[in-house]
Amino acid sequence: MVSFAQPLFWQIRYLVIGLSKKNYKPSVAELHHLISLYGYDAQVFFLRTLIEEVQVQDPKHGSGGGRDQLKLQLLQSELRELETEELFGPLLCQAIESTRERGGALSEETLTQLCKVAKLQLRPQLALAVAGLQSTNEYSCREAGKFLRAKLRELLSPGGRGHRLSEPLLHALLAALRGQELDDSIIEERDRESFSKQLIDLHPDIDMSRSPIAGLIHLQ
């Protein structure tokens with residue numbers, strides 16, 4: 001860990017904990033300035049602190065009632081800004097795994113609750129699930145697989161088919177369905193093949209022969 005990290009993290013936590021209506025704008029501006037200076041690690045710790053302070057994993061708060069509304073508002077705003085970024089999934093997974101409550105692991109329940117509290121749309125939820133499959137924690141991988149299974153069923157249901165996926169996310173989902181992280185105890189092989197075919201059929205506008213997805217066409 002670089003020498004500036006500990007004082008930097010103290011400052012980020014201090015700013016988040018001390019948020020009030022009076023200091024909200026200057027505090028958020030300073031947080032964003034720190035992230036622009038120190039990058040990825042600062043962003044992860046910022047999200048980790050917000051998740052802890054909002055008490056995402058406390059079910060008694062439901063979808064928002066009882067939580068610190070300023071911090072909840074900031075968490076929702078930050079995730080909306082980040083959700084189209086390539087590193088959205090890995091960044092958020094790392095933030096969740098580093099929280100004090102999780103002890104280094106994801107859970108399907110935590111992922112579901114976070115997405116509900118943060119009001120994430122289905123596309124970033126799928127990106128989060130795919131990223132969770134790459135965790136070095138075996139338990140996290142299995143729980144992310146369960147979460148992915150639920151989100152794919154939601155996407156491919158009659159009510160979810162209006163969600164269009166970007167080509168990189170589609171490719172990532174198809175690759176995940178071929179990966180070793182998803183064994184039959186999480187998603188059976190026939191279901192993986194069915195999911196893959198439906199995903200491809202939902203995106204006829206993507207020229208598979210000229211895209212990174214071309215090598216996965218045989219999944220149909």
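Lys119 sits in the loop between helix 6 (108-118) and helix 7, where helices (H or I, at least four residues) and strands (E, at least two) are DSSP runs, numbered from the N terminus. This is a predicted model, in which local features need pLDDT of at least 70, side-chain atom pairs count only at pLDDT 80 or more, and totals for chains, interfaces and linings use all residues. Residues are numbered from 1 along each chain as its sequence is written, and side-chain values use heavy atoms, with hydrogens and water left out.

- Although Lys119 is not a glycine, its phi is positive, at about 60 degrees.
- Lys119 has a relative accessible area of 57% and is therefore exposed (exposed means over 50% relative accessible area, buried under 20%, partly exposed in between, with a 1.4 Å probe and protein chains only).

**The chain as a whole**
- The protein chain has 10 helices and zero strands.
- Along the sequence, the pattern reads α-α-α-α-α-α-α-α-α-α.
- Of the 220 residues in the protein chain, 49% are buried.
- Among contacts in the protein chain with a separation of 6 or more, 70% are between residues 24 or more positions apart; a contact here means heavy atoms within 4.5 Å.

**Helix 5 against helix 7**
- Helix 5 (residues 88-97) and helix 7 (residues 122-132) have axes that come within 8 Å and cross at roughly 65 degrees.
- Helix 5 is thus roughly perpendicular to helix 7 (65 to 115 degrees counts as roughly perpendicular, under 35 as roughly parallel, over 145 as roughly antiparallel and the rest as oblique).
- For these values, axes are lines fitted to C-alpha atoms, for helices over the stretch in contact, and angles run from 0 to 180 degrees between N-to-C directions.
- The crossing of helix 5 past helix 7 is right-handed, meaning that the near helix is turned clockwise from the far one by less than a right angle.
- On the helix 5 side, Phe88, Gly89, Pro90, Leu92, Cys93 and Ile96 take part, and they meet Pro124, Ala127, Leu128, Ala131 and Gly132 of helix 7.
- Sorted by class, this contact of helix 5 with helix 7 brings together nine nonpolar, two polar and no charged residues (Ala, Val, Leu, Ile, Met, Phe, Trp, Tyr, Cys and Pro count as nonpolar, Asp, Glu, Lys and Arg as charged, and the others, Gly among them, as polar).

**Gln125 in helix 7**
- Gln125 is another residue to look up in helix 7.
- With a relative accessibility of 8%, Gln125 counts as buried.
- Setting aside residues up to four places away in sequence, Gln125 touches Cys115, Leu120, Phe147 and Lys151.

**Cysteines**
- There are zero disulfides in the structure, a disulfide being a pair of cysteine sulfur atoms within 2.5 Å.
- Cys115 is in no disulfide, and its nearest cysteine sulfur, that of Cys93, is 9.5 Å away.
- Cys115 counts as buried because its relative accessibility is 4%.
- For Cys141, the closest cysteine sulfur is in Cys93, and the 9.5 Å between the two sulfurs is too far for a bond.
- Cys141 is buried too, with a relative accessible area of 12%.

**Phe45 in helix 3**
- Phe45 is placed in helix 3 (residues 40-54).
- Its relative accessible area is 10%, so Phe45 is buried.
- Leaving out neighbours within four places in sequence, Phe45 is in contact with Phe9, Ile12 and Arg13.
- Between Phe45 and Leu8, which are 37 residues apart along the chain, the C-alpha separation is 9.5 Å.
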